[in-house]
Amino acid sequence: EPGTVTVSNISYSLSRNAKHMYVSVQLDPVVVGASVSIEVYLNNGSSPYFVGTITTDTSGVTKFTVVNAPSGSYSTVVTDVSAAGYTWDGVFPENSYSK
C-alpha cells in the first residue's frame, strides 16, 4: 500500500553575496528522487515571481535557486509532490521570508 509523504519544512537562505535566494523543501519521510514543484510569490503578488520543479536529493530535500532575487517579502506554495509509491497529502507549512 502506498505511503503518504508530507512537506515538513520550507526554509530560506541566501548566497554568500546575498544576490541569490535558496528555497529548500524537506519531505517526510525522506524520499530520494521525488519531484517537487513550487511557486514563490514576492510581496503578495497575484502571480508567481518564480516557478520551479526539481527532484529531491539523498536527504529528501529540494533546493531551488531564485537568481538575483530582489529585496522584499517572499512566500512559497508547494503545488505538487510526486514520488513513486507515495501520495502527497497536499499540505505544506505556512512560510515567509524577508530579504
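What is the accessible surface of the protein, and what percentage of that surface belongs to carbon and sulfur atoms? The accessible surface comes to about 5,400 Å², and carbon and sulfur atoms hold 47% of it. Please bear in mind throughout that we are looking at a predicted model.

Let me begin with the overall form. The protein contains 8 strands and 0 helices, so its radius of gyration may be considered next: at 13 Å, it is close to the 13 Å that the globule rule gives for 99 residues, and the protein is therefore as compact as a globular protein of that length. Along the principal axes, the C-alpha atoms fill a box of roughly 45 × 30 × 15 Å. Of the 99 residues, 35% are buried. Among contacts with a separation of 6 or more, 60% are between residues 24 or more positions apart.

I turn now to the charges.

An open sheet is formed by 4 strands in the order E4-E3-E6-E8, with antiparallel pairing. Its edge strands are E4, residues 50-55, and E8, residues 97-98, each of which pairs on one side only. Strand E6, residues 73-82, runs antiparallel to E8 and is joined to it by 2 bridges. At this pairing, Tyr-74 stands opposite Tyr-97 of E8.

Strand E1, which spans residues 3-14, has pairings of its own to describe. With strand E7, residues 86-88, E1 pairs in the parallel sense over 3 bridges. Here Thr-4 is placed opposite Thr-87 in E7. With E2, by contrast, the pairing of E1 is antiparallel and extends over 8 bridges. Leu-14 has Met-21 of E2 as its bridge partner. E1 and E2 form a hairpin with 6 residues between them, and in the turn Ala-18 has a positive phi of about 65°.

Finally, I would draw attention to one residue of strand E2, which covers residues 21-28, namely Ser-24. Is Ser-24 buried or exposed? Its relative accessible area is 15%, and because buried means under 20%, Ser-24 is classed as buried. Which residues does Ser-24 contact, leaving aside its neighbours within four places in sequence? They are Asn-9, Ile-10 and Ser-11, together with Val-61, Thr-62 and Lys-63.

Conventions:
Residues numbered from 1 in each chain as written. Predicted model: local features only at pLDDT ≥ 70, side-chain atom pairs only at ≥ 80, totals over all residues. Heavy atoms only, no water. Rg over C-alpha atoms; globule rule 2.2 N^0.38 Å. Buried < 20%, exposed > 50% of the residue type's maximum accessible area, 1.4 Å probe, protein only. Contact = heavy atoms within 4.5 Å. Areas by Shrake-Rupley, 256 points an atom, 1.4 Å probe, with all protein chains shown as cover. Pairing = 2+ DSSP bridges.
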